[in-house]
Every structure is written in structure tokens, then in C-alpha cells.
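Load the model and keep the sequence beside it.

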Amino acid sequence: MSTVELDRVSYAYRGGGLAVRDVSLRIEAGEVVAMLGPNGAGKSTTLLLLLGMLPPRTGTAKLFGGPVARAVADGRVGAMPQAGGVPPRSSVRDLLEFLHAVYPRPMPVAEAIALADLDGLAGRTVERLSGGQQQRLRFAMAVIGRPDLLILDEPTAALDVQSRRAFWAAIRGYAAQGRTVLFSTHYLEEADDNADRIVVLDRGRVIADGTATSVKRMVTVRTVSVADQESGQDGGFERLPGVVAVARRDGRVVLTTTDSDATVLALAAAGLLRDLEVVGAGLEDAFLTLTGNLSGV
Ligand SMILES: Nc1ncnc2c1ncn2[C@@H]1O[C@H](COP(=O)(O)OP(=O)(O)OP(=O)(O)O)[C@@H](O)[C@H]1O
């Protein structure tokens, strides 16, 4: 029995195209999984389907081998959705005490406060917390019920670098207790640092799924550029090893490659190494490469 089991799930918002298309995904107990993808890839929609907040149009979603609604009602799922207000006038302690009373097997309020690094802020009202502190409170609210599965939608979006680090340390601490964690992010680096496995979504589909190392290898593309020598060397660049796209701009030939070493060696062998520049390409290019939409200009 898997913790998360999506079987060919699709979802369309009213009046929109398919936001999630035929997604199948299994996550086992104890895994920490990142869902990585650009804006609009379908990450939030997939997470909402798993929380029972949207019903699949086709396909089935199960948690712990049963209906999503049952797992949620049993308090086995903790969530930090992207949107969702926290009552501004309540204090941190009041909110957590309220939730403590709601869940069947909660952790002590003090433990949730410590885990979310909110010590010293228990008496403060929500409206007087900084953005980062509010985010940490939302985390405390998600874990206080000791959920077996924690679902976090871009949890660090509002945080600065320092709070980000503290936040991930708290999540890793929770995962280390054998809990399953699924989070979404735009950042390959964040996925790489904090997940055992990365599922890449693009336009509603799963386009890659594997260990951080294997996905990183797939999405790490570089741009190699040399001065355009106009030496009648028209074409041919796209046949160099690793090259997936060729563009010419500002007097340079710009090659997008999945194997920059091989591309540079081949350029050298062809006598074309003039004013070489190699830079890491952004994740956007990497997604385009993965989805086969990067074409030469
Ligand atoms: N409430 C909604 N009504 C209509 N369309 C929506 C709604 N929410 C999302 N969509 C559309 O569904 C698709 C998937 O959006 P979703 O929010 O799941 O992506 P995402 O990967 O979470 O993006 P982001 O990283 O920006 O949060 C997008 O095309 C988006 O425009």
C-alpha cells in the first residue's frame, strides 16, 4: 500500500484546459518528494487533488490505500496550501491549542512551537508576525496533528535565505521521524537539497521522475557560445554532440547543450573556438529541452 497513489488523474478548471493530464504517481511511506515545475505546470492543482479539495475529473486518487477524504478526516494529512488565511487576531498559542484539541493524536503545543522555530512568539497575534514567521506558523499548524503525510505548496516562497534554511531544517527533522513529505517548488536547487526524489511537472504532465541526481542530469543544460565567424560554417552546429538548439545573436553562435564538455571539444576539433563562453542555462531552458520544445532560431 502506497502512501500516495494517483492513477491516471486529470483535472480541468471550469472554462479552462486540462490543468493536470493523466498523472500517475506513487509515493511510499518515508519518502521526501519534490514536485518541480514552472508556473502553471499543475503543481498546486495536483496537491489540491491529493488533499481532496478538488475532485479528479478522471482517474483515481488514494491516500494510504483508501479514499482521500477518509485520510484527511482521520487527521493523517497535514497541509500547507499556497493560499489560505490565518485569523489575524488570534495568537500563535490560541491557534495551535485549538488545533491540538481538534486532532486525534496531536503533538504538544510546545513541541510544534519548537519545531517551527516560534519560541518566544507564542503570545503574539498573527497580524504582528512577519511574513516568514507567519509561514512558520502555517508549518506548525500543518504538523501539530502529527500527520503521516505532509503536503507543502511552495512553502518557502515568502522566506528570506536565512529563514529558508531554518524552515528546511524543521521539515527534514519531521521527515526523519519516518514521515512522508511532498512539497512543490520552482527551484531545482531547493528540490535537490531537500528531497530524495524529484517529480517534474510541465503543462499538467509528469515529464521526469527520479532521484535528484538523475533528474538534475536531465535538466542541467548549458549554453555554449562562440564568436560567429561567418566562415561558411552554416548549419552543422546542430549536429555537434550534446547540442539541442542553435541560435545566432549579437555576432555569436549560441548553442544549447546537454553535454557542454563534448560540445566544446567538438568545436575545438572543428577550429571554431573563438571567444568561448559557457554558462549554465536557466530551468526554463531545461524544461523546454525536456519537453522537446527548444528549437533552433
Ligand atoms: N482556479 C483556477 N481557475 C482556472 N484555472 C486555473 C485555476 N487555478 C489554476 N488554473 C490553471 O491551471 C493550470 C495549472 O495551475 P497550477 O496552479 O496547478 O500550476 P502550478 O504549477 O502550481 O503553478 P505555480 O507555480 O504558478 O503555482 C494553469 O494553466 C492555471 O492557469
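An open sheet here is built from 4 strands in the order β2-β1-β4-β5, and its pairing is antiparallel. Its edge strands are β2 (18-27) and β5 (66-67), each of which pairs on one side only. Strands are DSSP runs of E with at least two residues, helices are runs of H or I with at least four residues, and both are numbered from the N terminus. Two strands pair if DSSP finds at least two bridges between them. Strands of a sheet pair through backbone hydrogen bonds, either parallel or antiparallel.

Before going further, note that this is a predicted model: local features need pLDDT of at least 70, side-chain atom pairs count only at pLDDT 80 or more, and totals for chains, interfaces and linings use all residues. Residues are numbered from 1 along each chain as its sequence is written.

Strand β4 (residues 58-63) and β5 pair in the antiparallel sense over 2 bridges. Lys 62 has Pro 67 in β5 as its bridge partner. Helix α1 packs on this sheet, touching β1 (4-12), β2 and β4. The direction of α1 makes about 60 degrees with that of β2. Axes are lines fitted to C-alpha atoms, for helices over the stretch in contact, and angles run from 0 to 180 degrees between N-to-C directions. Contact between two residues means that their C-beta atoms, placed from the backbone, lie within 7 Å.

Now move to an open sheet of 6 strands. Its order is β6-β7-β8-β3-β9-β10, with mixed pairing. β6 (77-80) and β10 (205-211) are the edge strands, each pairing on one side only. From one strand to the next, the twist averages 15 degrees. β6 and strand β7 (residues 149-153) run parallel and are joined by 4 bridges. Within that pairing, Gly 78 has Leu 150 in β7 as its bridge partner.

Helix α1 packs on this sheet too, touching β3 (32-36), β7, β8 (180-185) and β9 (197-202). Here the direction of α1 makes about 150 degrees with that of β7. Helix α5 (residues 131-143) also packs on the sheet, touching β6 and β7. Its direction makes about 165 degrees with that of β6.

**Around the ligand**

Which element gives the largest share of the shell around the ligand? Helix α1 (residues 43-50) does, with 3 residues. The residues around the ligand include Tyr 13, Asn 39, Lys 43, Ser 44, Thr 45 and His 186. A residue counts as near if its C-beta atom, placed from the backbone, lies within 6 Å of the molecule. By class, the shell has 3 nonpolar, 8 polar and 1 charged residues.

Arg 164 sits in helix α6 (residues 161-175). The cut-offs are 20 or more for buried, 12 or fewer for exposed, and partly exposed in between, with C-beta atoms placed from the backbone. Beyond its neighbours within four places in sequence, Arg 164 is in contact with Thr 156 and Leu 159. Gly 145 is 19 residues from Arg 164 in sequence, and 23 Å away in space, C-alpha to C-alpha.

**The whole chain**

The chain has 10 helices and 14 strands. Of its 297 residues, 37% count as buried. The domain assignment gives domain 1 (4-218) and domain 2 (220-290). Their C-alpha centres lie 39 Å apart.

Notes:
Nonpolar A, V, L, I, M, F, W, Y, C, P; charged D, E, K, R; others polar. Domains from an automatic or database assignment. Buried ≥ 20, exposed ≤ 12 C-beta atoms within 10 Å, placed from the backbone.
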